[in-house]
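Here are my notes on the model you sent over. Have a look at the structure first, then go through the points below.

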Amino acid sequence: MKITNVNIEESWYAQIKEEFNKEYFLNLKKFLIEEKNKFTVYPKGSQIFNAFNLTPFKDVKLVILGQDPYHGPGQAHGLCFSVPKGVKPPPSLVNIFKELKQDINFNIPDHGNLEAWAKQGVFLLNATLTVRANNAGSHQNKGWEIFTDKVIQTLSQEKNNLVFILWGRYAGAKENLIDQNKHLILKAAHPSPLSAYNGFFGCKHFSQANKYLKKHKIEPINWNL
């Protein structure tokens, strides 16, 4: 069941419903309405909370944090680093697949759709959930980060033995929202071609994550797509 006014899965709504009536979120909604009247905004409205709807709160095992949705046509569909089938995988995702191949002998697929991970409990969260077409970072500092910081804090407080994967400086700065005594935090360089060779390749986060989940008697992730 979806909560109609925000189109978000009900177990998530129960955790964060207070946020939707706070002043910052009401201002964010106004901003988004104005943006949509003037520009194309990605992803489409029904997919903004896709990460939440595909990975209910109770099912989250692992969090991968991105920064911004893709800003090209047809790319963003509400899951960080993921693109719908039929859309060419962007360079960062290509590098994620290369590291998976190296780490766990992953079969590189002919698509970049990560929904199969989301359905296993991999919460693919962008810090900013919308973007103006062809304008990277255009919806930063409008309120989304306040919302997603609250989401990260709620996961940290209410759950145990999660894996948080933080790639790059921006995601790495979020570690102060996470209780390191209850959860595993894995940090590395961003998979972007600009930084992947500075510590992303060889990080082995996927095998480390599964090792931690197994240790805590949690079903590991089948990374193959």
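1. Start with the largest nonpolar core. It holds 66 residues, and Phe 52 and Phe 147 are the ones that touch the most other members. Keep in mind that this is a predicted model.

2. Setting aside neighbours within four places in sequence, its contacts are Ile 16, Glu 19, Phe 20, Tyr 24, Phe 25, Phe 49, Phe 52 and Leu 129.

3. On the overall fold, you'll find eight helices and eight strands in the chain. The radius of gyration is 17 Å, close to the 17 Å the globule rule gives for 225 residues, so the chain is as compact as a globular protein of that length. Along its principal axes, the C-alpha trace spans about 45 × 35 × 30 Å.

4. Burial and contacts next. Of the chain's 225 residues, 54% count as buried. If you take contacts between residues at least 6 apart in sequence, 67% of them join residues at least 24 apart.

5. As for the surface, the accessible area of the chain is about 10,700 Å², and carbon and sulfur atoms account for 48% of that. The chain carries 28 positive and 19 negative charges, with mean positions 4 Å apart.

6. Last one: Ser 192 sits in the loop between β8 (184-188) and α8 (205-215). Is Ser 192 buried or exposed? Its relative accessibility is 15%, so Ser 192 counts as buried, the cut-off being under 20%. Leaving out residues up to four places away in sequence, Ser 192 touches Ser 92 and Asn 95.

How values were computed. Residues numbered from 1 in each chain as written. Predicted model: local features only at pLDDT ≥ 70, side-chain atom pairs only at ≥ 80, totals over all residues. Heavy atoms only, no water. Core = buried A, V, L, I, M, F, W, Y, C linked by side-chain atoms within 4.5 Å. Buried < 20%, exposed > 50% of the residue type's maximum accessible area, 1.4 Å probe, protein only. Contact = heavy atoms within 4.5 Å. Helix = DSSP H or I, 4+ residues; strand = E, 2+ residues; numbered from the N terminus. Rg over C-alpha atoms; globule rule 2.2 N^0.38 Å. Areas by Shrake-Rupley, 256 points an atom, 1.4 Å probe, with all protein chains shown as cover. Lys, Arg positive; Asp, Glu negative; His and termini not counted. Charge placed at Lys NZ, Arg CZ, Asp CG, Glu CD.
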